[in-house]
Amino acid sequence: MSTSTLPNIDHVRKLLLYGGPLAQFQGELVKQPGQEISVAVLYQLALRYGVISPTAAREGLALLATAGTAGDAGRAILERVLTEGDFLAVRVMR
């Protein structure tokens, strides 16, 4: 998969992330200038896998490898998934 095949995120305002044993709120990723690629990658992973797992995080990091600083927010979230070995559920806010 390449960044050219990422889904349209015009309808996405922000992504809410939930994880841990009680599926508690972990943070959010707001679509704003400079973060669209991060939002698109995390949204794609959630669509494809249902959750962001360590496997999905590795795929997302590979996609963000060429994004430069535009992928920093998504990269930090995905690296945390790998470090903690946890899963993140994603809720799309329109």
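1. Helices (H or I, at least four residues) and strands (E, at least two) are DSSP runs, numbered from the N terminus. Leu17 lies in strand 1, and with a relative accessible area of 1% Leu17 is buried, where buried means under 20% relative accessible area, exposed over 50% and partly exposed in between (1.4 Å probe, protein chains only).

2. On the basis of these notes: this is a predicted model, in which local features need pLDDT of at least 70, side-chain atom pairs count only at pLDDT 80 or more, and totals for chains, interfaces and linings use all residues. Residues are numbered from 1 along each chain as its sequence is written, and side-chain values use heavy atoms, with hydrogens and water left out.

3. The surroundings of Leu17 come next. Contact means heavy atoms within 4.5 Å. Leaving aside neighbours within four places in sequence, Leu17 is in contact with Gln24, Phe25, Gln26, Gly27, Leu42, Ile77, Leu88, Ala89 and Val90. Leu17 and Leu29 are 12 residues apart along the chain, and their C-alpha atoms are separated by 7.9 Å.

4. The sheet is open, has 3 strands in the order 2-1-3, and pairs in the antiparallel sense. Strand 2 (24-30) and strand 3 (88-93) stand at the edges with a single partner strand each, so one side of each is left without a neighbour in the sheet. Direction ignored, neighbouring strands of this sheet are turned by 25° against each other on average. Axes here are lines fitted to C-alpha atoms, for helices over the stretch in contact, and angles run from 0 to 180 degrees between N-to-C directions.

5. Two strands pair if DSSP finds at least two bridges between them. Strand 1 (residues 14-19) pairs with strand 3 over 6 bridges, in the antiparallel sense, and Leu15 stands opposite Val92 in strand 3. Strand 1 and strand 2 also pair in the antiparallel sense, over 6 bridges. In strand 2, Phe25 is the bridge partner of Tyr18.

6. Rings of Phe, Tyr and Trp (its six-membered ring) pair if their centres lie within 6.5 Å; planes under 30 degrees apart count as stacked, over 60 as edge-to-face and the rest as tilted. By this rule the count comes to 1 aromatic pair. The ring centres of Tyr18 and Phe25 are 5.7 Å apart and the planes stand at 65°, so the pair is edge-to-face. Tyr18 is partly exposed at 25% relative accessibility, and Phe25 is partly exposed at 48%.

7. The hairpin of strand 1 and strand 2 has 4 residues between the strands, and Gly20 in this hairpin takes a positive phi near 85°. Most residues other than glycine have a negative phi, and most peptide bonds are trans. Ala23 is found in the loop between strand 1 and strand 2. Phi of Ala23 is near 50°, a positive value in a residue other than glycine. At 48% relative accessibility, Ala23 counts as partly exposed.

8. The axes of helix 1 (residues 36-49) and helix 2 (residues 54-64) come within 10 Å and cross at roughly 150°. Their crossing is right-handed; a crossing is left-handed if the near helix is turned anticlockwise from the far one by less than a right angle, and right-handed if clockwise. On the helix 1 side, Ile37, Ser38, Val41, Leu45, Arg48 and Tyr49 meet Ala56, Glu59, Gly60, Leu63 and Leu64 of helix 2.

9. Helix 2 is mostly covered, with 8 of its 11 residues buried. These are Pro54, Ala56, Ala57, Glu59, Gly60, Leu61, Leu63 and Leu64. Helix 1 and helix 3 are included in what covers the buried residues of helix 2.

10. Arg75 sits in helix 3 (residues 72-84) and, at 18% relative accessibility, counts as buried. Not counting residues up to four places away in sequence, Arg75 touches Leu61, Leu64, Ala65, Ala67 and Gly68. A polar atom of the Arg75 side chain lies 3.2 Å from the backbone oxygen of Gly68.

11. Thr5, in the segment before strand 1, is partly exposed with a relative accessible area of 48%. Thr5 and Gln44 are 39 residues apart in sequence and 9.3 Å apart in space, C-alpha to C-alpha. Pro33 lies in the loop between strand 2 and helix 1 and is exposed at 75% relative accessibility. Pro33 and Ala70 are 37 residues apart in sequence and 8.8 Å apart in space, C-alpha to C-alpha.

Notes
A polar contact is a pair of N or O atoms within 3.5 Å; within protein, one must be able to donate a hydrogen and the other to accept it, and residues adjacent in sequence count only if both atoms are side-chain atoms.
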